[in-house]
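Dear colleague,

Here is the structure I said I would pass on. My notes on it follow below.

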Amino acid sequence: MRMTVIGTGYLGATHAACMAELGHDVLGVDVDEAKIDSLQAGEVPFFEPGLPEVLTRNLEAGRLGFTTSYEQAAAFAHVHFLGVGTPQQRGSYAADMTYVRAVIENLVPLLEGEHVIFGKSTVPVGTAEEMQALADSLARPGTSVEIAWNPEFLREGYAVKDTISPDRIVLGVREGSTRAEGIAREVYATPLEQGTPFRVMDLATSELVKVSANAFLATKISFINAISEICEIAGGDVTALADAIGLDERIGRKFLGAGLGFGGGCLPKDIRAFMARAGELGADQALTFLREVDAINMRRRDRMVQLTKQVCDGNLLGHRVAVLGAAFKPNSDDVRDSPALSVAGSLSLAGADVSVYDPQAMDNAKKVFPTLGYADSVEEALRGADVVVLATEWRQFKELDPVAVGELVDTKIIIDGRNVLDPVTWRDAGWTIHALGRSLDKASA
Ligand code: UGA
């Protein structure tokens with residue numbers, strides 16, 4: 001099947017390459033020339049394991065191309081995927097719908113015949129219906145444009161796998177739709193043959209499925225982080241607690257990783273946009289708990305800074321702090337709303353001499369926070385440190401040898417912001433180890 005994918009950011013570039021991998025003829029479209037040039041040259045402008053190989057393979061096979069031309073896109077296919085960003089608006093919790101609207105405004109007047117646009121971006125409920133009305137007002141006489149919604153659930157770091165073999169495929173269609181479901185079944189024939197659950201529903205529900213999933217994940221993380229606050233005071237161990245409650249199948253251990261909390265380009269802005277939309281709908285009370293989810297999450301960053309200050313005898317000035325990690329999570333170079341970078345920034349602003357190292361996110365971190373100290377290697381970051389802060393759980397950091405690392409630092413104090421280190425091993429190597437959600441006294445005993 002021929003299709004375009006409009007918007008070639010994280011979601012769009014991955015979707016375009018993976019649809020070509022499934023055997024389709026795909027044209028990726030973006031207004032950003034630099035991005036298009038880079039993708040056309042086989043270079044993925046962000047770090048995503050496995051994606052460069054899929055991109056190159058399909059460019060070479062002639063199934064994948066990129067353009068900045070909407071005219072080309074309109075002529076290329078009758079099926080279009082919309083994957084542009086919906087960032088948080090400046091000065092508001094709501095999502096900025098400028099880019100979604102712009103796609104409809106640019107594309108629809110150029111279309112001829114029968115077209116289906118599948119929205120993939122995360123949007124406030126009601127958007128698809130609104131975009132359908134906009135498309136109807138812009139379509140040429142005799143041209144029909146159907147808007148359907150096909151939310152994306154991919155995780156950064158697993159984007160290829162999540163796109164090619166997703167947990168589920170969700171499709172929202174308007175009442176009386178005859179075409180979208182059949183086309184979607186053809187597009188996703190391979191995963192459907194492999195048994196991927198396929199749920200067809202109305203447009204509003206499909207939009208809500210996506211934000212509800214992210215709101216649930218954020219809530220689960222903040223739940224365990226709230227318990228973590230109690231553990232710290234009461235002398236409990238949040239990791240042992242999470243293991244124990246996670247054994248209950250109804251609860252499950254996934255997303256009960258206590259620590260610095262969630263960040264990235266999705267969870268934080270999605271829960272805020274969800275609250276904003278609920279307010280617009282007159283249902284603000286329904287989601288006030290998400291305000292608390294957000295607050296718990298942000299408090300973890302403050303707690304990390306406070307804890308670091310505490311181990312530096314109450315004063316960060318002049319203390320050398322090695323911050324391991326800048327990406328919002330491992331296997332990503334994304335620093336959007338990154339807890340790690342936020343902590344590094346706060347420590348630096350409070351007077352610490354910060355040395356940040358991340359295996360992939362250095363360039364992005366330097367762009368966002370150019371004034372921080374950056375090291376070229378983990379060893380360089382650790383050399384002479386008064387305290388080490390583990391902020392992103394990259395495998396390289398989880399596997400650090402406490403004996404070898406002990407030779408590099410000035411003082412053997414480490415704060416595990418992601419609860420991934422074994423306190424016993426580190427203590428045996430002469431370290432004082434602190435961790436979020438574990439009693440300080442016990443951890444340093
Ligand atoms: C998230 C969702 O997991 C995807 O399903 C969704 O498609 C995506 O947002 C999106 O809306 O585009 P992603 O942002 O890639 O994916 O990251 P996650 O793996 O969900 O992690 C989010 C944050 O939660 C990270 O900062 C991570 O460190 C943190 N986290 C995760 C925890 O603090 N504890 C955990 O137990 C799990």
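The UniProt annotation "binding site", from an unreviewed entry, covers F153, L154, R155, E156, K210, F255, L256, G257, A258, G259, G263 and K329. UniProt positions are given here in the numbering of this chain, feature names are shortened, and annotations may be inferred rather than shown by experiment. These residues span 177 residues in sequence, and the farthest two C-alpha atoms are 24.6 Å apart, so they do not all gather at one spot.

Two points on how to read the rest. Residues are numbered from 1 along each chain as its sequence is written. This is a predicted model, in which local features need pLDDT of at least 70, side-chain atom pairs count only at pLDDT 80 or more, and totals for chains, interfaces and linings use all residues.

L154 sits in the loop between β6 (144–149) and α7 (159–164); helices (H or I, at least four residues) and strands (E, at least two) are DSSP runs, numbered from the N terminus. L154 counts as buried because it has 21 C-beta neighbours inside 10 Å. The term buried means that 20 or more other C-beta atoms lie within 10 Å of the residue's own, exposed means 12 or fewer, and partly exposed is in between, with C-beta atoms placed from the backbone. Not counting residues up to four places away in sequence, L154 touches T14, A159, D162 and T163, where contact means that the C-beta atoms, placed from the backbone, lie within 7 Å.

K329 is in the loop between β9 (320–324) and α14 (339–349). With 21 C-beta neighbours inside 10 Å, K329 is classed as buried. Its contacts, again leaving out residues up to four places away in sequence, are G157, G264 and T392. The loop between β9 and α14 also holds N331, whose phi is near 60°, a positive value in a residue other than glycine. N331 is buried, with 20 other C-beta atoms within 10 Å.

F255 lies in the loop between α11 and α12 and has a phi near 65°, again positive in a residue other than glycine. Most residues other than glycine have a negative phi. F255 counts as partly exposed, with 16 C-beta neighbours inside 10 Å. K254 lies in the loop between α11 and α12 as well, but is exposed, with 9 C-beta neighbours inside 10 Å. The C-alpha atoms of K254 and K220 are separated by 8.9 Å, although the two are 34 residues apart along the chain.

Next, the ligand. It is surrounded by 22 residues, and the closest are E156, G257, F262, G264 and C266; a residue is near a molecule if its C-beta atom, placed from the backbone, lies within 6 Å of it. By class, this shell has 10 nonpolar, seven polar and five charged residues. Ala, Val, Leu, Ile, Met, Phe, Trp, Tyr, Cys and Pro count as nonpolar, Asp, Glu, Lys and Arg as charged, and the others, Gly among them, as polar. At least two residues of the shell come from each of α10 (203–234) and α12 (267–280), and α10 gives the largest share, three residues.

What does UniProt place at C266? The feature there is "active site", also from an unreviewed entry. C266 is in the loop between α11 (238–246) and α12 and is buried, with 25 C-beta neighbours inside 10 Å. Leaving aside its neighbours within four places in sequence, C266 is in contact with T122 and N214.

As for α10, its 32 residues should span 46 Å at 1.5 Å a residue, and its end C-alpha atoms are 47 Å apart, which agrees. The expected span is 1.5 Å times one less than the number of residues. After α10 comes G235, with a positive phi near 85°.

Finally, the domains. The chain is divided into domain 1 (2–196) and domain 2 (227–443), with bounds from an automatic or database domain assignment. Their C-alpha centres lie 34 Å apart. Contact between them involves 14 residues of domain 1 and 16 residues of domain 2. The domain 1 side of that contact has nine nonpolar, four polar and one charged residue. Each domain also supplies at least three residues of the shell around the ligand.

Regards

Note on methods
Two residues are in contact if their C-beta atoms, placed from the backbone, lie within 7 Å.
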